[in-house]
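Work through the exercises below with the sequence and the model side by side. Try each task before reading its solution.

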Amino acid sequence: MSAATHTTELERQQRLIAAIFAPQMEPAACPDVLQDGARREAGLAAYRGNGLAHARNALRAQFPTVLAMLGNDAFDVLSARYWRARPPRRGDLAWVGEELPAYIATVDSLDAWPWLADCARLDWAIWQTAGAAPPRMTHADLQRLAAEDPAGLSLRLAGCTAYIPSAWPIVTIHLAHQDEAADWSMVRQAILDGGGQTAWVWRPQGDAAAEVRTIALEDAAARWVAALAAGESIVGALDAAGEGFDFAAWMQKALAEGWLDGVAAFAPR
Amino acid sequence: MDKRRLIAATSVSLLALGILAAPPASRAAALEKCFGAAKAGENACAGVHHCAALSDLHGCKGSSKVNYDPADFRLVPDSTCAKLGGLDEQQAKALLKHPRAVHAFEAQMQKRNS
């Protein structure tokens, strides 16, 4: 396909997308659609319906905890509103839920479940982690860590990990929805207690066949991970973690599970 | 213990223990998409990268309803797809234009793996 043809096709598809998402009160402008009248509107309606149905199915797969909390009907309404409010920016349904957590936080009718947006962030992190690249930490990284001044080094977290701080017990809520015998009174009490959790998500060694794991981090470990994610030096991250953080145990677990991508020169921000 | 000494000592002991895990066999090589090689419910992610062009899109991971549907893929180590009887993306697209060939392919894969 030539560059000129490609541009024309790109423009044609962009016009069609604009027509699909145009307000339906008035006929959508789309000069490339050859039909007119009712037939044209029926065609565009089919595109709209298919797009929404595909998006809804993808969103159900990407946000299982949100789906379980809202139920099918309410989730479908949310999906439809989200589809209209935040049209997809990529031609890949694997990314359709990218903005759903932020969108949920703006929906007034979901105020009764203030933890829902953070639960959605956790669902999305798990979805993203499942397809991320495996960790790249090597022996050379460890040798560098042993030989160089750690004040000038930082640890890079692997792409197959994610941390989600929240003012709500999102890990307790998430795990309860994975467990058929969950103790819901305990979940309710955790919410009433008002204690937040930092979720730590990883896919062991980035293995595509391995199940993604989710735990709640202790406070010191949460501060450590947050500092690493912010690009802090290793010494600075240890300072942030404070007393009670077991660096040796964390590193051993990190290497066994594949939480690190390697060591990099510390670049103050 | 001083933080610098703690970090160095930990690194040395981890090196000595050989704690850095070897990559699991499933990611020793790069992965490739292998179409038509997934049983129902075992697909990696279906049709998502092809929008509605390949099939009536279902949700995603694990939501395939049909055994060995050439519109669905699973991730396999590089160069192993053909050995499993699966198809690359171009082959899958070509096959999906012919419904009879799709049914024949699924039956053949079912027989091969039964």
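This is a predicted model: local features need pLDDT of at least 70, side-chain atom pairs count only at pLDDT 80 or more; totals for chains, interfaces and linings use all residues.

Residues are numbered from 1 along each chain as its sequence is written, chains are lettered from A and ligands numbered from 1 in the order in which they are written, and side-chain values use heavy atoms, with hydrogens and water left out.

**Exercise 1.** Determine in what order the three strands of the open sheet in chain A are arranged, and which of them are edge strands.

Solution. The order is β2-β3-β4 (chain A), with antiparallel pairing; strands are DSSP runs of E with at least two residues, and helices runs of H or I with at least four, numbered from the N terminus. The edges are β2 (161-165) and β4 (213-216) of chain A, each pairing on one side only, where pairing requires that DSSP find at least two bridges between two strands. Five bridges join β2(A) to β3(A), and Ala162(A) stands opposite Val201(A) in β3(A). Four bridges link β3(A) with β4(A); across them, Trp200(A) faces Ile215(A) and Trp202(A) faces Arg213(A).

**Exercise 2.** Work out which residues of β3(A) point each way.

Solution. Thr198(A), Trp200(A) and Trp202(A) point one way, whereas Ala199(A) and Val201(A) point the other way.

**Exercise 3.** Classify the ring pair of Trp202(A) and Trp259(A).

Solution. Rings of Phe, Tyr and Trp (its six-membered ring) pair if their centres lie within 6.5 Å, and planes under 30 degrees apart count as stacked, over 60 as edge-to-face and the rest as tilted. The structure holds 11 aromatic pairs over all chains. In this pair the centres are 5.2 Å apart and the planes stand at 75°, so the pair is edge-to-face. The pair links distant parts of the chain, since Trp202(A) lies in β3 and Trp259(A) in the loop between α12 (247-257) and β5 (260-265), 57 residues apart. Both belong to one aromatic cluster, whose members include Trp200(A) and Trp224(A).

**Exercise 4.** Explain why the buried residues of α4(A) line one face of the helix.

Solution. The buried residues are Phe75(A), Leu78(A), Ser79(A), Tyr82(A) and Trp83(A). Seen down the axis of α4(A), they fall within an arc of 135° (taken from the directions from the helix axis to the C-beta atoms), so they line one face.

Conventions: Buried means under 20% relative accessible area, exposed over 50%, partly exposed in between (1.4 Å probe, protein chains only).
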